[in-house]
Amino acid sequence: MLLFDGIIMDKVSKFMTDHSEGDKGKEAIMDFQVSWVLRMAADEDYMKDKPNFRLFSRYMLFKLLDKPFPNTDTIVSVKVKKEWENIDICAEVELVNNGNSEFHVLLIENKVYTRMSVKQRDDYPKALEQFFNTHRKELYKPHQVLITCTESESELDKMKVFCKDSKWVVLSVYDIIYNINQATESELFNEFWIYNWGRLND
């Protein structure tokens, strides 16, 4: 049983629960999912009959941009490149806030079963130099976010300590989901984010 405006019960994802060993390609799938959700946040035509999915996608985007929520900013565009300069996701975001345009560049590294390496932590931000070779640096606010799927508070704390003296912001997958116990109108979203990461049957 699942309710769009209520609690999901007895629903567990079988999407990535085969007998494979290792990460089962989950990080690659997560890259596609994050890219899709962020891009859909800017697609009002697609979202016009999906109010819950619109809410969840806007929440994820604004959380990654470290902006308050609820938020009435207009999302003009979200352009995503996967594996740009070896980074999982690079997103270029344009917003309108009180009639004023805002431009953001967002670097995202997704980690499901592994930790960020020292090389990734220290070298990946240098890719922003490549970005600003073709974009006006003074117009863009840069963001660097590490999304981890660990369910261990101690492991999450270790990642935050590891990134403490860098510009990386560490977020749990649970930080970017509006409500882990609520479904949306999109089964594609629900299957990966809600049924997979929810802990309703614990």
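## Pockets and charged pairs: worked exercises

About 290 Å³ of space lies in the largest pocket. A pocket here is an open set of points on a 1 Å grid over the protein atoms alone, where a 1.4 Å probe fits, with protein on both sides within 12 Å along at least five of seven lines. Its volume is the space filled by probe spheres set on the points, which are joined across faces, edges and corners.

The model is predicted, so local features need pLDDT of at least 70 and side-chain atom pairs count only at pLDDT 80 or more, while totals for chains, interfaces and linings use all residues. Residues are numbered from 1 along each chain as its sequence is written, and side-chain values use heavy atoms, with hydrogens and water left out.

**Exercise 1. Describe the lining of the largest pocket.**

*Step 1.* A lining residue has an atom within 4 Å of a point.

*Step 2.* Assign them to elements. Helix H3 (51-64), strand S4 (140-148) and strand S5 (168-172) each give two or more residues to this lining. S4 gives the most, with 5 residues. Helices (H or I, at least four residues) and strands (E, at least two) are DSSP runs, numbered from the N terminus.

*Step 3.* Sort by type: the lining has 9 nonpolar, 2 polar and 5 charged residues. Ala, Val, Leu, Ile, Met, Phe, Trp, Tyr, Cys and Pro count as nonpolar, Asp, Glu, Lys and Arg as charged, and the others, Gly among them, as polar.

**Exercise 2. Which residue forms a salt bridge with Glu44?**

*Step 1.* Start with the rule: a salt bridge is a side-chain nitrogen of Lys or Arg within 4 Å of a carboxyl oxygen of Asp or Glu. The count by this rule is 10 salt bridges.

*Step 2.* Look for the partner. Arg54 pairs with Glu44, their closest N and O atoms being 3.1 Å apart. This pair links distant parts of the chain, with Glu44 in helix H2 (residues 44-47) and Arg54 in helix H3, 10 residues apart.

*Step 3.* Check the surroundings. Glu44 is partly exposed at 40% relative accessible area, and Arg54 is partly exposed at 30%. Buried means under 20%, exposed over 50%, and partly exposed in between (1.4 Å probe, protein chains only).

**Exercise 3. How many residues apart are Lys119 and Asp123 in helix H4?**

*Step 1.* The side chains of Lys119 and Asp123 meet in a salt bridge at 3.1 Å, N to O.

*Step 2.* Lys119 and Asp123 are 4 residues apart in helix H4 (residues 118-123), so about one helical turn separates them.

*Step 3.* Compare with another pair: Arg121 and Asp122 meet in a salt bridge at 2.8 Å, N to O. Arg121 counts as buried at 19% relative accessibility, and Asp122 is partly exposed at 38%.

**Exercise 4. Trace the contacts of Glu27 and Glu109.**

*Step 1.* Glu27 is buried yet has no salt bridge, and Lys111, the nearest side chain of opposite charge, is 4.8 Å away. Lys and Arg count as positive and Asp and Glu as negative; His and the chain ends are not counted.

*Step 2.* The side chain of Glu27 reaches the backbone nitrogen of Val112 at 2.8 Å.

*Step 3.* Turn to Glu109 in strand S3 (residues 100-111), buried at 3% relative accessibility. Its side chain makes a polar contact with the side chain of Gln120 at 3.5 Å. A polar contact is a pair of N or O atoms within 3.5 Å; within protein, one must be able to donate a hydrogen and the other to accept it, and residues adjacent in sequence count only if both atoms are side-chain atoms.
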